[in-house]
Amino acid sequence: MSQLEHIEAIETRLWSAADNLRANSNYASNEYFLPVMGLVFLRHAYSRYLTVKAKIEPTLPSRGGKTRALTKEDFSQQSAIYLQPQAQFDYLVSLPDSADRAKAIIEAMESIEKDYDNLRGILPKGEYQELDNQVLGQLLRTLNPEELKTVKGDVFGRIYEYFLTQFADQKAHDAGEFFTPISLVSLIAHVLDPERGTVLDPACGSGGMFVQSARIVEEHGDSPTEKLTFRGLEKNATTIRLAKMNLAVHGLEGDIQKAITYYEDPHELVGKTDYVMANPPFNVDEIDADKVKSDPRLPFGLPGVNKGGKVSNGNYIWISYFYSYLNDKGRAGFVMSSQASSAGGGEAKVRQKLVETGDVDAMIAIRSNFFYTRTVPCELWFLNRNKPKAHKGKVLMIDARNVYRKVTRKIYDFSPEQQQNLQAIVWLYRNESDRYLQLISQYLGKVVDEAQACFEIKDDLGQTFQPLPAFSTALKALRNTLEPFLKQISLLPLGEGQGVRVAEALKELEKETALFEQDIDQFRKSAQQAAKQWEAAPDTNAALLKLTKAFEPMAETSRDLIKQTDMLFKLASKLFEAIQKAHSPQPAGLPSPSGRGAGGEGAPLSMNGIRKQIKALDEARAEAVQQLKLVRYFWKQAHWLTERFPEAKLRDVEGLVKLVDMKEIEVNDWSLTPGRYVGVAPEEVDENFDFEETLREIHVELEDLNAESVTLAATIKRNFEELGI
């Protein structure tokens, strides 16, 4: 199992365990989420603490044989929180049932607040007194599984985000408005590509925009605490606490003010902000027009007022505010309802004025089901007050509605590679072809690595696996185990039909096994040749195009080997079934199957033993298939880009992207809807229909439906019990 799948399994199990505790208590989701997130915060902080501690300790200076003690500053420099012994998660987990866990957790939170002024009064404390001591013990143990001590990377960062996602899905707080899907936040942050300055989120929710901005700076090799200043506005006091916890656990601080952004601007940042990032509430119609009509953040005027004196739709209030906050080099990226880009009336007039500034940089259309609590489609808007002259009268339109990955029946997102491919289009728009070519080279390098990993790979624990050879070995082991059975069959009067079936199954398996061995040997040679080609090729467009084409046969072979692997498993199972029928109980007087041939001495041949080998063969098959899939997957990413942009330059691609000038936008009623300009992608005959992926999606949907049915059944049962029926 890959580390990603392993982490996903852990996430699911942790959430399921935590949610089961809630289901068996008297707490509603909105009462339960803050204390649970507080514990996830502590566990996440402890995970980062241990990682940074291991990195810092070897570098600490010594004097007179004594090593300097760790300090808060050591951890701040590494974007982590220093934890006193009583705030370390292992200590809390180790508490016996006789201990007052609520008191211990409160003391842990207080020790952190004492060391970090920005968290004073923020962390949950009193909430734990409402939870049963046993429940707290179970929660602590649930959030501290052994697996988390072996996986690498910012695993608990993922789990923290996963829990936010799940609570949003349960509408635990403000209908989930406090959480924006990571896919969208990450894409916005990467397109904006912040380097230094002030980042403002006027509807900051749980602070995801800040965290992703910091990650961009870290990707550039810089310290986000030195390069970025975070400012936020949020109307809900509880959500502010969550945002500050989110920032703190990543070693960040931000000035987040409680305010209703429509009417308040406590930071007074009009014209002073380097970056604005936001996911504001969509289509709000209760904004008091009299209160905002003179607001300096409305440079294009009100978008329209209804008879009740309310702004008809708040979308363009938000858009105007975002624009007004930017300094003369500022950039903004935000999520907006898809209705806004083509809205009429007063909104269209505001949109026209905005487009005429020349500062609308890019629009990206996102399909529905990306949000956890809303199914509506949306668009990502990007503004740039410092666009190059060549782009001043143009807008990059990207229709990404056909780019998505199905996570569950209800939720879609971008895979990391899909996100990178969309970023690559923006790079070409910005004439950053070197980044585009680097990505293509990276994909082709992954093709080589994954092909070689089919024969040998090391996991994160340093263990070595050989996916394809391991499958071959398991197949041979099974065949050798079946040999005594096959010999016995020739000695037993089993009847012509049974003997023929066994013989035919054996012949077919041996024939396909021989072909498979030849094919994997050829695949190994192809992988070795590909590695040499990739090493020798320069990172020029011509060379990478040639390499992409050269790797295609190997990518197709990997897919063929998947089919062969699946077929061999089925043939081996078929042979075993035929042998089982042939070895059904014999008439009296006939010899019993034994390990030394019919009538010989030795232990009887074990059908159960063979079943275990069949299971082992299936597990080896799954590992081989998973690894083989990666070869073609990364080739397809390189092919997707090079097929659409063969010259490593931006060009119009039907149904995907078009650089649109202002005249065309004017003709189209100043619409900023990408689909209106890029057209419809030509329908393609999918010669490479991925049957397994389709089955996976069906399986995902079935799992969701099963989970819903279990939840519904439990609810019905509980309702009947409450009614005394």
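1. Strands β9 and β11 are paired in the antiparallel sense, with seven bridges between them. Two strands are said to pair if DSSP finds at least two bridges between them. Helices (H or I, at least four residues) and strands (E, at least two) are DSSP runs, numbered from the N terminus. Within this pairing, Gly333 has Phe382 of β11 as its bridge partner.

2. The model is a predicted one, in which local features need pLDDT of at least 70 and side-chain atom pairs count only at pLDDT 80 or more, while totals for chains, interfaces and linings use all residues. Residues are numbered from 1 along each chain as its sequence is written, and side-chain values use heavy atoms, with hydrogens and water left out.

3. On its other pairing, β9 (residues 326-337) runs parallel to β6 (residues 273-278), and five bridges join the two. Thr273 is bridged to Leu326 of β9, and Ala278 to Phe334 of β9. Nine of the 12 residues of β9 are buried, so this strand is largely enclosed by the rest of the structure. Buried means under 20% relative accessible area, exposed over 50%, and partly exposed in between (1.4 Å probe, protein chains only).

4. Both pairings belong to an open sheet of nine strands with mixed pairing, in the order β5-β4-β3-β6-β9-β11-β10-β12-β17. The edges are held by β5 (254-258) and β17 (657-661); each has a single partner strand, so one side of each is left without a neighbour in the sheet.

5. Helix α8 (residues 182-192) has 10 of its 11 residues buried, so the helix is largely enclosed by the rest of the structure. Among the buried residues are Leu184, Leu187 and Val191. Just after α8, Asp193 takes a positive phi of about 55°.

6. How do the axes of α8 and helix α9 (residues 208-219) cross, and within what distance do they come? The axes come within 9 Å and cross at roughly 50°. Axes are lines fitted to C-alpha atoms, for helices over the stretch in contact, and angles run from 0 to 180 degrees between N-to-C directions. The two helices are therefore oblique to each other; angles under 35 degrees count as roughly parallel, over 145 as roughly antiparallel, 65 to 115 as roughly perpendicular and the rest as oblique.

7. The contact (heavy atoms within 4.5 Å) involves residues including Ile182, Val185 and His190 of α8, and Met209, Gln212 and Glu219 of α9.
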